[in-house]
Amino acid sequence: MAEIAAQPFAFAFKTETTALVVIDMQRDFAEQGGFGASLGNDVSRVVAIVPTVKRLIEGFRAARLPVIHTMECHRPDLSDLPPAKRDRGNPSIRIGDIGPMGRVLIAGEPGTAILDELAPLPGEIVIEKPGKGAFYATTLGDELKRIGARQLVFAGVTTEVCVQTTMREANDRGYECLVAEDATESYFPEFKAAALAMIRAQGAIVGWTATTDQVLKGIANA
């Protein structure tokens, strides 16, 4: 088994069963006029990690390891959007409303797209998810079985919501999970710090954390 220097201890992996999952690096969460900004968040924190996420993606591609992208979005008729989600919070525009980048978080709209710098390549798996977790109401589980993945490296946003929720879903399904600390971000730095601490606490109860440099070094030496 190859290893990545990680916390709370080394993350063992096999290249043939390892994949990268990039969570929700979408315009709606990173750009002014999108859903993240409508909630009053500082989206510059998301923009700041784009070069690191790109480097991580390129490292996986160079090693010929799978890269999976997720997008939080809903059907145009909102049939997969429960009122409990649409009515939550006090945004200036709600999911499904028309905003500066089209209808907010609706499949196919410009604002829902993954950032150009991180756009999926032809053949890479793209999962459209209506929930916080990427396993709920999606084909992610089937896709992971199809490619034989058992160890997952996570990047994307936000650390304490969609990234951690998906990691916990994966952990419950038997996957070994690691989050790249500097390739994930929150609108709230204290939430990110707490989420990373929770993930690796109690002997990696949910998973491991490592820097992007540590992940790429581990992959390069595998």
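I started with Lys-217, which counts as exposed because its relative accessibility is 57%, and the cut-off for exposed is over 50%. This is a predicted model, so I keep that in mind throughout. Lys-217 sits in helix α9, residues 212-220. I also checked its distance to Ala-5: C-alpha to C-alpha they are 8.7 Å apart in space, though 212 residues apart in sequence.

Next, the cores. I found that the largest nonpolar core holds 44 residues. Met-25, Leu-56, Phe-60, Leu-178 and Val-215 have the most contacts inside it. Helix α4, residues 50-62, gives the most to this core, namely 5 residues.

Which residues does Leu-56 contact, leaving aside neighbours within four places in sequence? I get Leu-20, Ala-155, Ala-180, Ala-183, Thr-212, Val-215 and Leu-216.

I then noted a second, separate core of 23 residues; among its members are Leu-144, Leu-152, Val-163 and Cys-177.

Last, I looked at a helix pair. Helix α7 (residues 159-172) packs against helix α8 (residues 189-204) at an angle of about 15 degrees, and their axes are 10 Å apart. I call α7 roughly parallel to α8 because of that angle, as the cut-off is under 35 degrees. The crossing of α7 and α8 is right-handed. On the α7 side I list Thr-159, Glu-160, Gln-164, Met-167 and Arg-168 in the contact. From α8 come Phe-191, Lys-192, Ala-195, Leu-196, Met-198 and Ile-199. Sorting the residues of this α7 with α8 contact, I have 6 nonpolar, 2 polar and 3 charged.

Note on methods:
Residues numbered from 1 in each chain as written. Predicted model: local features only at pLDDT ≥ 70, side-chain atom pairs only at ≥ 80, totals over all residues. Heavy atoms only, no water. Axes fitted to C-alpha atoms, helices over the stretch in contact; angles between N-to-C directions. Helix = DSSP H or I, 4+ residues; strand = E, 2+ residues; numbered from the N terminus. Parallel < 35°, antiparallel > 145°, perpendicular 65-115°, else oblique. Left-handed = near helix turned anticlockwise from the far one by under 90°. Contact = heavy atoms within 4.5 Å. Nonpolar A, V, L, I, M, F, W, Y, C, P; charged D, E, K, R; others polar. Core = buried A, V, L, I, M, F, W, Y, C linked by side-chain atoms within 4.5 Å. Buried < 20%, exposed > 50% of the residue type's maximum accessible area, 1.4 Å probe, protein only.
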